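Me: I have a two-chain model here and want to go through the terms used for it. Please set each value against its definition.

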Amino acid sequence: MTPPSSLGLFLAAAVARTYPRLAWLFRSRSWLVQETVLPVLAVATFAYAYRSMNAPAAYTGFVVLGAAMTTFWLNVLWGMAAQLYWERDSGNLEHYVMSPAPLMGVLTGMALGGMTTTLVRATAITVTGVVLFDVPLNPTSWWALLGVFLLTLAALYGLGMMFASLFLLWGREAWHLVNLLQEPIYLLSGTNFPVAIFPRAVALVASVIPLTLGMDAMRQVLFRAEGLLPVGVEVLGLAGLAAVFLVAARLCLRYLENRAKREGRLTVRWQ
Amino acid sequence: MGPTAAAAIRTDELTRTYSRPRSRQWWGRRRSAQPPSPAEFVALDRVSLEVQPGELFGLLGPNGAGKTTLIKILTTLLAPTSGRAFVDGLDVVTQADQIRPRINMVSGGESSGYGILNVRENLWLFARIYGVPTSVAHERIDRMLEVVGLTEKARSRISHLSTGQRQKMNFCRGFITDPKILFLDEPTLGLDVTSARAIRGFVREWVREKPGRTLLLTTHYMAEADELCDRVAIIDRGQVLACDAPAALKRRVQKYPLYALSLAPGADGWSGLGQLPGVHQSTVTTTPTTVELKVSLREEPAIGAVVQAVVNAGGHILSLQKVEPTLEDVFIELVGHGLNGVDESNR
């Protein structure tokens with residue numbers, strides 16, 4: 001049997017690691033209630049609040065989009081960042097490290113699986129929100145929307161891949177950090193309102209979070225709303241963030257593997 | 001020193017230490033009245049070993065002896081503190097990427113895999129990360145499931161498997177990538193007698209099936225090591241105490257050949273046996289149904305004179321057998337206690 005090429009191994013690992021996520025989507029039904037119905041209830045709260053204030057109809061659309069994109073953010077935090085930590089605890093990580101497949105391939109598989117399953121949830125939330133609250137969709141271009149969306153996912157999951165390495169290094173401390181950051185990030189990324197209402201300096205700092213730039217750009221494209229920066233600039237920013245996070249993830253992973261091998265943390269700490 | 005081209009596994013003065021976590025202090029005072037433990041724990045202490053291609057090599061030792069640490073280093077999961085290790089002639093630190101396609105490992109009691117996937121899907125996943133094509137993976141999965149008697153569970157989610165079934169699946173995972181060098185860390189842990197026997201049979205067959213395949217096995221079960229391994233290293237507290245073929249190790253502890261004679265009750269007067277030429281020592285134990293004689297000999301042919309003396313004294317011999325020492329005897333002799341860690345001398 002001819003040994004597979006590096007690219008072949010990367011792709012094989014990515015596809016293989018995507019598979020458990022897809023299987024989960026079809027074999028576990030609990031997400032239908034937990035992650036679709038409940039977010040729609042949260043959307044309803046803000047939608048009725050905006051209506052009672054006679055806010056522009058697009059604001060309801062902001063909330064629906066925010067709820068849909070938040071599912072990706074939660075997946076990045078809890079599904080992606082915590083994944084290597086979980087893989088170590090379940091005994092899978094040592095098999096991934098010991099195998100010839102590059103760990104970036106495994107992480108890519110986790111990201112692709114997470115994206116795919118979350119896309120289904122986000123679509124369910126979006127469709128339900130748009131239909132229930134009669135959200136007016138008026139995009140400048142569906143293709144632009146798709147492009148910005150994919151770029152946002154690339155940056156988000158690049159960040160998730162970087163977090164995955166750091167979480168493994170920090171262990172339990174990382175969980176506290178996630179809890180600590182969750183609400184501030186909801187606020188700074190403008191989940192339920194346009195981020196342009198922030199003071200400019202705060203909004204620019206918040207743009208380091210891919211969710212902030214991504215949602216702002218998508219809202220501009222989808223609802224022709226005023227944004228923080230021109231869409232083109234935000235797209236460039238997202239592309240830059242995606243590249244930085246992916247490169248950082250690769251470096252972190254290599255550093256993590258070497259350090260964990262020195263300290264004996266790849267398996268069980270005291271082994 | 002460079003690697004020996006012929007060695008499948010080689011370690012030179014391999015040492016691994018772990019730093020102990022520091023106990024928390026409050027205003028410079030230790031909370032505990034206990035004296036501080038050393039800052040470092042030595043898991044492996046200058047271990048030098050060589051395993052030849054095609055060899056089935058065993059590592060025997062109690063918990064905490066350093067067996068798993070050694071395997072983790074050889075499988076590129078752990079860096080040595082000092083010394084060097086080579087697998088298939090490649091350095092585990094600097095050439096880890098080249099070693100990985102050639103090896104695999106199975107640990108007893110491991111919980112790897114994804115509960116949402118079934119047995120076949122899990123095995124496929126772990127085959128794919130080694131680049132095994134899907135069709136080949138499925139052929140090997142079928143074969144391995146048959147070997148361990150898990151064919152009927154191929155479509156069961158692993159979250160629904162018993163511990164033993166899960167262990168069998170893990171065992172299959174190690175073989176479906178067709179490694180050149182395989183590390184089995186307590187592979188039969190938690191398995192029933194029949195399954196463990198089937199697995200031992202397969203392991204032996206697997207090593208012989210293709211020239212150059214090498215297997216390093218750690219086990220608590222002395223009989224398993226004795227039955228399977230071409231050579232065994234006995235390791236305790238990070239040090240290799242002995243390394244040889246099981247038969248040679250057993251010869252080391254038996255200075256005098258030992259024979260056991262079982263006699264029908266009735267006759268008496270065996271104390272004189274110890275005085276016969278060539279006899280080192282004799283002991284007598286009387287049970288309600290038999291008299292058990294144990295005779296150790298300085299010269300093995302002296303057993304003829306012993307039998308003659310017993311017959312002449314009116315003894316009726318029911319059975320006569322040569323008593324072989326076990327690996328456990330070797331272990332106790334070398335380590336000073338059994339695998340359960342209790343000092344035999346204190347019993």
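Me: How many salt bridges does the rule find across the interface of chain B and chain A, and what makes a pair a salt bridge?
Reply: The rule finds 3 across that interface. A pair counts when a side-chain nitrogen of Lys or Arg is within 4 Å of a carboxyl oxygen of Asp or Glu. This is a predicted model, in which local features need pLDDT of at least 70 and side-chain atom pairs pLDDT 80 or more, while totals for chains, interfaces and linings use all residues. Side-chain values use heavy atoms, without hydrogens and water, residues are numbered from 1 along each chain as its sequence is written, and chains are lettered from A and ligands numbered from 1 in the order in which they are written.

Me: Why is the pair B:E121 and A:R27 called a salt bridge?
Reply: The closest N and O atoms of B:E121 and A:R27 are 2.6 Å apart, which is within 4 Å, so the pair qualifies.

Me: What makes B:R100 and A:E257 a salt bridge, and where do the two residues lie?
Reply: Their closest N and O atoms are 2.9 Å apart, so this pair also meets the cut-off of the rule. The pair crosses between chains, from the loop between α2 and β8 of chain B to helix α11 of chain A. Helices here are DSSP runs (H or I, at least four residues), as are strands (E, at least two), numbered from the N terminus. Over all chains the structure holds 28 salt bridges.

Me: How many residues of each chain are in contact?
Reply: 43 residues of chain B are in contact with 36 residues of chain A, contact being heavy atoms within 4.5 Å.

Me: What is the area buried between the chains, and what does that value mean?
Reply: About 3200 Å² is buried between chain B and chain A, with carbon and sulfur atoms giving 64%. The value is the accessible area (1.4 Å probe) that the two parts lose on being put together, summed over both. In chain B, the residues B:L77, B:Y114 and B:I129 lose the most area to chain A, together 21% of what that side buries.

Me: Why is the space lined by A:H95, A:M98, B:N104, B:F126, B:Y130, B:R173 and B:T177 called a cavity?
Reply: On a 1 Å grid over the protein atoms alone, a cavity is a set of points where a 1.4 Å probe fits but cannot get out, and lining residues have an atom within 4 Å of a point. Those residues line the largest cavity, with a volume of about 40 Å³. The search of the whole structure finds 1 cavity of 30 Å³ or more.

Me: What makes the other space a pocket, and which residues lie nearest the centre of the largest pocket?
Reply: A pocket is an open set with protein on both sides within 12 Å along at least five of seven lines. The largest pocket has a volume of about 1000 Å³, and of its 37 lining residues A:L9, A:P100, A:A101, B:D97 and B:P101 lie nearest its centre. α11(A) gives the largest share of that lining, 4 residues.

Conventions: Points joined across faces, edges and corners; volume = space filled by probe spheres on them.
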